[in-house]
Amino acid sequence: MDFGFGDKMPFKRSRFGSVTGTIVEMVPARMGGRRANGCMIFATVEDSDGNTVNFILTPATYVVDFETLSVGMMCTFWYAADAPMPLIYPPQYSAVAAAQVKNGRMVNVGYYGASLVNEDQTLQLNLDGSVDVRTTNNQYFQGSPANHSLVVTYGSSTRSIPAQTTPFKVVVLCE
């Protein structure tokens, strides 16, 4: 549906939420009364305000640069904001993506429209042919990343609105 705003939808909420904090515990996840099978990990994260959030890391969770996450790491976890979740405290989300916080590396997870601007209008991608575009299982993506949910890894951006960047890597979250 076109409202005459092009890629810019007014007041559109992002499809992804995120939490940044320190991993304080990682244990094999149990689903219901069943024993853990080792394929899923339950990660407890504490943010800078002392709030605790639990994340389920599944084989479908994309971990930036395939880094091994561990207790004590400062990380950002992204989750689908519109996915069903249990109404419990602390909150518990299924992680869509995760990345260790590193100096000089920024990561954005979001839906990018036809002009490669994310849905909250904060970042525009300049893909110059040298940008590595992959799938979550590290295969070359054989199409255009436009109109997909993407994990974008980049170092610097312009101060414009939206900020523009030529990313290091783009990972397409194929659905």
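**Figure 1. The whole protein and its confidence.** The mean pLDDT of this predicted model is 90, and 89% of the residues reach 70 or more; pLDDT is the predictor's confidence in each residue, from 0 to 100. Residues are numbered from 1 along each chain as its sequence is written. The protein has 0 helices and 12 strands; both are DSSP runs numbered from the N terminus, with helices (H or I) of at least four residues and strands (E) of at least two. Of its 175 residues, 40% count as buried, where buried means under 20% relative accessible area, exposed over 50%, and partly exposed in between (1.4 Å probe, protein chains only).

**Figure 2. The start of the chain.** Over residues 1-5, pLDDT stays under 50. The model has 2 contacts beyond four places in sequence for residues 1-5, a contact being heavy atoms within 4.5 Å. Where pLDDT is low, the predicted coordinates should not be read in detail.

**Figure 3. Glutamate 67 and its contacts.** Look for glutamate 67 in the loop between strand E4 (62-63) and strand E5 (74-80). Glutamate 67 counts as buried because its relative accessibility is 15%. Leaving aside neighbours within four places in sequence, glutamate 67 is in contact with Gln100, Lys102 and Arg105. With arginine 105, the link is a polar contact between the two side chains, at 3.4 Å. A polar contact is a pair of N or O atoms within 3.5 Å; within protein, one must be able to donate a hydrogen and the other to accept it, and residues adjacent in sequence count only if both atoms are side-chain atoms.

**Figure 4. An open sheet of 4 strands.** The order here is E7-E10-E12-E9, with mixed pairing; two strands pair if DSSP finds at least two bridges between them. Strand E7 (106-112) and strand E9 (132-135) stand at the edges, each with a single partner strand, so one side of each has no neighbour in the sheet. E7 pairs with strand E10 (residues 148-154) in the antiparallel sense over 7 bridges. Within this pair, valine 107 stands opposite threonine 153 in E10.

**Figure 5. Cysteine 39 in its loop.** Cysteine 39 lies in the loop between strand E1 (16-28) and strand E2 (41-46). At 47% relative accessibility, cysteine 39 counts as partly exposed. Not counting residues up to four places away in sequence, cysteine 39 touches Leu57, Thr58 and Pro59.

Key. This is a predicted model: local features need pLDDT of at least 70, side-chain atom pairs count only at pLDDT 80 or more; totals for chains, interfaces and linings use all residues. Side-chain values use heavy atoms; hydrogens and water are left out.
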